[in-house]
Amino acid sequence: MIHLKTEEQINGIRKACHLTADMFKELIPKIHAGMSTWEINQLFKNYIEGHGGTPAWYQEDFPGAVCISINEQVIHGLPSKKRIVKDGDLVSLDVGINLNGYISDTTHSLLIGNVPPKVRELQKVTEECLQAGIAACVAGNRIKDVADAVYKVAKAHGYGVVSDYCGHGVGLEVHEDPSVPNCPFLGANPRIKPGMVLAIEPMINLGTKDVETLDDGWTVVTCDGKASCHEEHTVAIFEDHTEVLTDLNYKANS
């Protein structure tokens, strides 16, 4: 069931999303080569809890405050004291905050040091995919319009578009209906309506779209070992516009 949010609920989700944006603005400059992914996790955990929130992923039994996925890791990378960020890495940080029962969800992929040009291009195009999906996510369109917009940008560059995982409704739970795929699909194709709050999240691979889950039960990687990039925003749909709630440059009075 798709839950259309009330104005009060959107205001609560917006506060959680703005806190998430503030967190990324403060912590992104602190991420560097030589850190373990566990250290990164603790930075985000301490920020979230220090500002009155709870890491949203705890509700899904994920053993960390942040999904930290590096290079060939697509999503759900586990924080580890043994995994060290290196020069040249593409590091995707997927974070959600539960603030007073309202939930945010966003991902930013960071380029650490001397990243190969082809991986830099992948990150750039993945951001373009996200923006294309957001532009299509307006009242009156359908979920398929979002999927088609993302897919068109990615395929124009010859990239693999992950189909096993997708965006979703969010705000009152970590994962809600509807699913928001990033490629053509069969099945339910609901109309986008005011009151929807959606996480749009392209997962774009340098090579094949095919992925698999490691033995840890969480980490999803590309089957060909090539790099993957993940970008995500939480958006709220209104009658006359769509608001990117997790925009790092949000306006405080919005």
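A: Helix 3 (residues 117-136) and helix 4 (residues 143-156) pack at an angle of about 155 degrees, their axes being 8 Å apart. Axes are lines fitted to C-alpha atoms, for helices over the stretch in contact, and angles run from 0 to 180 degrees between N-to-C directions. Helices (H or I, at least four residues) and strands (E, at least two) are DSSP runs, numbered from the N terminus. This is a predicted model, in which local features need pLDDT of at least 70 and side-chain atom pairs count only at pLDDT 80 or more, while totals for chains, interfaces and linings use all residues. Residues are numbered from 1 along each chain as its sequence is written, and side-chain values use heavy atoms, with hydrogens and water left out.

Helix 3 and helix 4 are therefore roughly antiparallel to each other, a label for angles over 145 degrees. In the contact (heavy atoms within 4.5 Å), V125, E128, C129, A132, G133 and A136 of helix 3 meet D145, V146, A149, V150, V153 and A154 of helix 4.

The largest nonpolar core has 31 residues, of which L122, C137, L198 and I204 touch the most other members. Such a core is a set of buried Ala, Val, Leu, Ile, Met, Phe, Trp, Tyr and Cys residues joined through side-chain atoms within 4.5 Å; buried means under 20% relative accessible area (1.4 Å probe, protein chains only). Helix 3, helix 4, strand 11 (197-200) and strand 16 (233-237) each supply at least two residues of this core. Its largest share, 8 residues, comes from helix 3.

Definitions and conventions. Parallel < 35°, antiparallel > 145°, perpendicular 65-115°, else oblique. Buried < 20%, exposed > 50% of the residue type's maximum accessible area, 1.4 Å probe, protein only.
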